[in-house]
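Hi there,

Here is the structure I promised to pass on to you. Please have a look at it first, and then read on for what turned up.

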Amino acid sequence: MTAKKFIISTFFERKIEGYQHAGKILFVFLFLFMICTKIFAAELPLFQVGIMTDTHIRNDRASCRRCRCAFEIFKTAGVDLIVNLGDIAERHSPEGYRHYRDICNEVFSDSRKKPRNLIVYANHDQLGIGNWEEACRLLKKRISASNDPYDQLEIKGFPILIFPEFMDPERYRKTIEAAVKKYPDRPIIIFDHPPACDTTDGSAFWGCKTRRRILNQFPSVIHISGHTHGSLQNERKIWQGDFTAVNAGCLSSWKGKLIGCAPESKENAGVLIMQVFPSKILFRRYDAETRQEYRPDKPWTVPLPFKKENAPYRLAVRKNGAPGFPENAGLQLSTEQWKANKLLLKFSAANHPDRTYCYRFEIEEQDGGNQWRKIAVTERFGDFYLPEKQQKSRMTYTVSTAYFRSGKKYRISVFPINFYGETGSPLIAELRVPSLPQDWETVFESHDPMNECPFYTGLHGKTKNARKNDFYQRTSWIHRLIFPDHVWNAPNGTEYRFIIDVRTRGVWQMVLRQMKPKFYPCGRLYLQSEEKFSQRCIMEFTQQDNHNYCLQVSGIDNAEIRFEYLRIERKKNRAEDSVPKTL
């Protein structure tokens, strides 16, 4: 071979090898591109829904501030649909609805990009109107709602049903049944106001038994509700059993359910963004005011299709161990606020991956034979609902001096409890109570309230409640314990202390109430089923507008209750007692 041929042959061989190498690179690139495209495409939701509830706006534009924050989050996320699950206003409010509508239009100023808005028709939006059908008609007109009280739509092949709070049970069941038949391989997404009874947190008292009975028949249902308020950092706002339930908290305020304690009101700005994928539905939780997502690493994830035995939010699966106090932690009891009628409890915060839901305080009194007798159980929320930066390593709580008697010895145990009811080992401390501050006057006292205070059934009338074996029977949803009118005669701003000892069978709740106009001076207090000892309950509040209160009492199913002692006190000039600062 001549040198010329050799050079030419070598040149073309190298060129062919170059093309082959480039081809291999191109093939690999195209293969990786296809894989990545499939991966990223699979991670994009089919559609997104922005969900808020219990906004409780009023007549003024300022009351819609959190609603604006919610709309802005939904706009940034690019949601395809917005749903308000009801109780849009505190009372039916033409001005409030106009502000709500105007703010939504301001945030979504480009009508071409404005998502459809749905509402659920609920009880507070009827208040002030009277007639339910008329209230719904006016609400739809005044807020420019795009849906009727009963409505349904389909997005990307997924059915969505909307129901009013006061629904017809048969229509409710038949509508869901028809959707299940039409979409056998899809989840049935329901937007509603009340939760089904005994599902998500707060629904044992405030949930709907009829809804629970119907929904138990349809495993593919994902029931999304409001009504009970609460923080979306509460891990029991999602539940799975015979179906899936999610509660959207509130965009207003909440108090919550605690044993033996009437909790203070807490502001809240929680909203949900529901992301629907072919094989799962994600619920992402946000604080609308701070724009921060709660636990972005752990969105609530509902696998599709629903299989009860593998459902990740069943209570049995979620129990992962009780909270525990740090090693060598102790309970300190302090009287530094004794003159303010408070005993301070100080201790290190308990540890748990999902945070501590609440702390239970059990108070025991020592009798003359040195035996301990339980007199009260009262709970306080942990700081799970606070932003992480505001959570503390050391907790401080107060209990009222009304639990105690001068000179007596008491033992207090503090138990940490997680969202799922698991209780950790307690911290325990004892104290000998010094002289109690003498700045309260008793305006009414009864050692026999079962006979000295009328107990009526219902909100109106004077139908006396039935008694059996010296216990009152639950005969309606609401009962009233009545007191003499003179006990509430005091100037506005007067501090009151309401003390009552009760025995219970079953679960009850109590709250002081002015009947007309309706007003609650403090939060609701819950009682566990406990007839072995008399539970002392204390409510403290400030008198307003010469209100006259009764005790509204509600129980579940066949609950029974007995009132054993009652005292109503009014604050007078504070006594300047001298007490030690720490015990």
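Two strands are taken to pair if DSSP finds at least two bridges between them. Helices (H or I, at least four residues) and strands (E, at least two) are DSSP runs, numbered from the N terminus. This is a predicted model, in which local features need pLDDT of at least 70 and side-chain atom pairs count only at pLDDT 80 or more, while totals for chains, interfaces and linings use all residues. Residues are numbered from 1 along each chain as its sequence is written, and side-chain values use heavy atoms, with hydrogens and water left out.

Let me start with an open sheet of four strands, ordered β19-β18-β21-β22 and paired antiparallel. Its edges are β19 (372-381) and β22 (427-432), each of which pairs on one side only. On average, neighbouring strands here are turned by 20° against each other, direction ignored (axes are lines fitted to C-alpha atoms, for helices over the stretch in contact, and angles run from 0 to 180 degrees between N-to-C directions). Strand β21 (residues 409-417) runs antiparallel to β22 and is joined to β22 by six bridges. K409 has R432 of β22 as its bridge partner.

A second open sheet has five strands in the order β24-β27-β32-β29-β30, again with antiparallel pairing. Here β24 (455-457) and β30 (525-527) are the edge strands, pairing on one side only, and the twist averages 30° from one strand to the next. Three bridges link β29 (residues 508-514) with β30 in the antiparallel sense, and M510 is partnered with L525 in β30.

Strand β1 (residues 47-52) pairs with β2 over four parallel bridges, with I51 opposite V83 in β2. Between these two strands the chain passes through helix α2 (residues 65-77), and this β-α-β crossover is right-handed (with the strands pointing away from the viewer, the path from the first strand over the helix to the second runs clockwise). β2 also pairs in the parallel sense with β3 (residues 116-119), over four bridges, and L81 stands opposite R116 in β3. The crossover from β2 to β3 goes through helix α3 (residues 94-107) and is right-handed. Is strand β2 (residues 81-84) covered on one face or on both? Both faces are covered: L81 and V83 on one side and I82 and N84 on the other are all buried (under 20% relative accessible area, with exposed over 50% and partly exposed in between; 1.4 Å probe, protein chains only).

On a 1 Å grid over the protein atoms alone, a cavity is a set of points where a 1.4 Å probe fits but cannot get out, and a pocket is an open set with protein on both sides within 12 Å along at least five of seven lines; lining residues have an atom within 4 Å of a point. The second largest pocket holds about 880 Å³. Of its 32 lining residues, C261, E264, R380, Y397 and T398 are the closest to its centre. β20 gives the most to this lining, with seven residues.

The structure holds one cavity of 30 Å³ or more, and the largest cavity has a volume of about 50 Å³ (the space filled by probe spheres set on the points, which are joined across faces, edges and corners). Its lining includes R285, R295, D354 and F384.

Best wishes
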